[in-house]
Amino acid sequence: QVQLVESGGGLVQAGGSLRLSCAASGRTFSRYTTGWFRQAPGKEREFVAAITATGGSTYYADSVKGRFTISRIYAENKVYLQMNSLKPEDTAVYYCAAQYDGSSIYERRSFRSWGQGTQVTVSS
């Protein structure tokens, strides 16, 4: 499994921005589609965004499209999630997911490695 560490979470006011980072160990990290998921209290872990190994394609949940941007920097072995125009409903623990198995990118079971998560809290 790939070791993943998320960072960049915190407390921000509605309308503000945060940039999450997913740092990975393992040279196979960039060979797979990488995803971001989030989980709010009492809710299922849900898909947020994903980026292919080459960075040629990105995918976003409808709820974040136009506000969030996922990117990959190969030299740093990292994937980022830039979050703008944050809303209180974005409050959740955000997880980085790696080792995509080729099935649906929208399902967490499609990813074999997960980070421990970083808390994002958006106040109104």
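This is a predicted model: local features need pLDDT of at least 70, side-chain atom pairs count only at pLDDT 80 or more; totals for chains, interfaces and linings use all residues.
Local features rest on pLDDT of at least 70 and side-chain atom pairs count only at pLDDT 80 or more, while totals for chains, interfaces and linings use all residues. Residues are numbered from 1 along each chain as its sequence is written, and side-chain values use heavy atoms, with hydrogens and water left out.

We may begin with the sheet. Strands here are DSSP runs of E of at least two residues, numbered from the N terminus, and two strands pair if DSSP finds at least two bridges between them. Four strands form an open sheet in the order β1-β3-β8-β7, with antiparallel pairing. Its edge strands are β1 (3-7) and β7, each of which pairs on one side only. From one strand to the next, the twist averages 15°, where axes are lines fitted to C-alpha atoms and angles run from 0 to 180 degrees between N-to-C directions.

Inside this sheet, strand β3 (residues 18-25) and strand β8 (residues 78-83) are joined by six bridges in the antiparallel sense. Along this pairing, Leu 18 sits opposite Met 83 in β8, and Cys 22 sits opposite Val 79 in β8. Strand β8 is also joined to β7 by six bridges, and these two strands run antiparallel. The β7 and β8 strands make a hairpin with four residues between them, and in the turn Asn 77 has a positive phi of about 55°.

Arg 72 belongs to strand β7 (residues 68-73). Arg 72 is buried yet has no salt bridge, and the nearest side chain of opposite charge, Glu 76, is 11 Å away. Here buried means under 20% relative accessible area, exposed means over 50%, and partly exposed lies in between (1.4 Å probe, protein chains only). Lys and Arg count as positive and Asp and Glu as negative, whereas His and the chain ends are not counted. A salt bridge is a side-chain nitrogen of Lys or Arg within 4 Å of a carboxyl oxygen of Asp or Glu.

What does the side chain of Arg 72 reach? It reaches the backbone oxygen of Ile 51 at 3.3 Å, and the backbone oxygen of Thr 52 at 3.3 Å as well. With residues up to four places away in sequence not counted, Arg 72 touches residues including Phe 29, Tyr 32, Thr 33, Lys 78 and Val 79; contact means heavy atoms within 4.5 Å.

Two of these neighbours deserve a visit of their own. Ile 51 is part of strand β5 (residues 46-51) and counts as buried because its relative accessibility is 4%. Beyond four places in sequence, the residues that Ile 51 touches include Tyr 32, Thr 33, Ile 70, Arg 72 and Val 79. Ile 51 and Trp 36 are 15 residues apart in sequence and 9.0 Å apart in space, C-alpha to C-alpha. Thr 33 lies in the loop between β3 and β4 and is likewise buried, with a relative accessible area of 11%. Leaving aside neighbours within four places in sequence, Thr 33 is in contact with residues including Ile 51, Thr 52, Arg 72, Gln 99 and Phe 111.

The charged residues elsewhere tell another story. The structure holds four salt bridges. In one of them, the side chains of Arg 38 and Glu 46 meet at 2.8 Å, N to O. Arg 38 counts as buried at 6% relative accessibility, whereas Glu 46 is partly exposed at 38%. Arg 38 also forms a salt bridge with Asp 90, with the closest N and O atoms 2.9 Å apart. This pair links distant parts of the chain, 52 residues apart: Arg 38 is in strand β4 (residues 34-39), and Asp 90 is in the loop between β8 and β9 (92-100).

Asp 90 forms a salt bridge with Arg 67 too, the closest N and O atoms being 2.7 Å apart. Arg 67 lies in the loop between β6 (58-60) and β7 and Asp 90 in the loop between β8 and β9, so this pair ties together parts that are 23 residues apart in sequence. Asp 90 is buried, with a relative accessible area of 1%, and Arg 67 is buried at 11%. Through shared partners, salt bridges join Arg 38, Glu 46, Arg 67 and Asp 90 into one network.

Note on methods. A polar contact is a pair of N or O atoms within 3.5 Å; within protein, one must be able to donate a hydrogen and the other to accept it, and residues adjacent in sequence count only if both atoms are side-chain atoms.
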